[in-house]
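Q: I'd like a close look at one spot in this protein, a charged side chain and what surrounds it. Could you walk me through it?

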Amino acid sequence: MRALPLAAATLAAAFLLTACSDDDGGKDPGTGASAKAGGACAIGEMGVRVGPANAAPAAGDTGNVPVTITNKSGAKCTLDGLPGVDLVADGTTVTVESDPAATARKTNLAKGASISFTLTYVRGEKGGDRSLAVTSADFTLPGSTKTHGFTWSYGEVALKKDGQTPDATVSGFQESSD
């Protein structure tokens, strides 16, 4: 990975912090299905923060975009599996593969607790035929079809040799201290 000059790194960090959000979907955190039943975690009952990212500065470099979810429901909920991530570019949606090292596991998320996953990608060449000009990303939690979207501000994503699959992976859930 190439090093950025300090001023550029500081500026990039400032821009990336603007990509953070804390969105609970506008719902009363104590009224959802998981709050009542202790079932699967639902996106509408989670606070979501995207970033700050370690963005890939140039084509061929690797970047990481962490996503932290916080249980804002009235009770514990369960994550049983892996997060799903799709990248959106020019009206086309492509699915990001799970990292081969990611392990699907059942995790109970207590009220107020946080957990995270990381989207790792290789930066593509701007305007290149082996790049995907991503404008947004959507993710789902295991056991749910509801998505949470966020604006993609991390540059183009390289495509694998097949010219269709993004050179990106999503990790499994990791305990978070946030």
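Which backbone nitrogen does the side chain of Glu156 reach?

A: A quick note before the details: this is a predicted model, in which local features need pLDDT of at least 70 and side-chain atom pairs count only at pLDDT 80 or more, while totals for chains, interfaces and linings use all residues. Residues are numbered from 1 along each chain as its sequence is written, and side-chain values use heavy atoms, with hydrogens and water left out.

Now to your spot. The Glu156 side chain reaches the backbone nitrogen of Gly127, at 3.1 Å. Glu156 itself sits in the loop that runs between strand S10 (147-151) and strand S11 (157-158); strands here are DSSP runs of E with at least two residues, and helices are runs of H or I with at least four, numbered from the N terminus.

Glu156 is buried but has no salt bridge. Buried means under 20% relative accessible area, exposed means over 50%, and partly exposed is in between (1.4 Å probe, protein chains only). A salt bridge needs a side-chain nitrogen of Lys or Arg within 4 Å of a carboxyl oxygen of Asp or Glu. For Glu156, the nearest side chain of opposite charge is Lys126, 5.5 Å away. Leaving out residues up to four places away in sequence, Glu156 touches a set that includes Lys126, Gly127, Gly128, Ser131 and Leu132, where contact means heavy atoms within 4.5 Å.

So where are the salt bridges? The whole structure has 2 of them. In one, Lys160 and Glu97 meet at 3.2 Å, N to O. That pair links distant parts of the chain, with Lys160 in the loop between S11 and strand S12 (168-170) and Glu97 in strand S5 (residues 92-98), 63 residues apart. Lys160 is partly exposed at 29% relative accessibility, and Glu97 is partly exposed too, at 40%.

Glu175 and Arg105 also form a salt bridge, at 3.7 Å, N to O. Glu175 is in strand S13 (residues 174-175) and Arg105 in strand S6, so the pair ties together parts 70 residues apart in sequence. Glu175 counts as exposed at 57% relative accessibility, while Arg105 is partly exposed at 34%. Beyond its neighbours within four places in sequence, Arg105 is in contact with residues including Leu79, Asp80, Phe173 and Glu175.

Notes
Lys and Arg count as positive and Asp and Glu as negative; His and the chain ends are not counted. A polar contact is a pair of N or O atoms within 3.5 Å; within protein, one must be able to donate a hydrogen and the other to accept it, and residues adjacent in sequence count only if both atoms are side-chain atoms.
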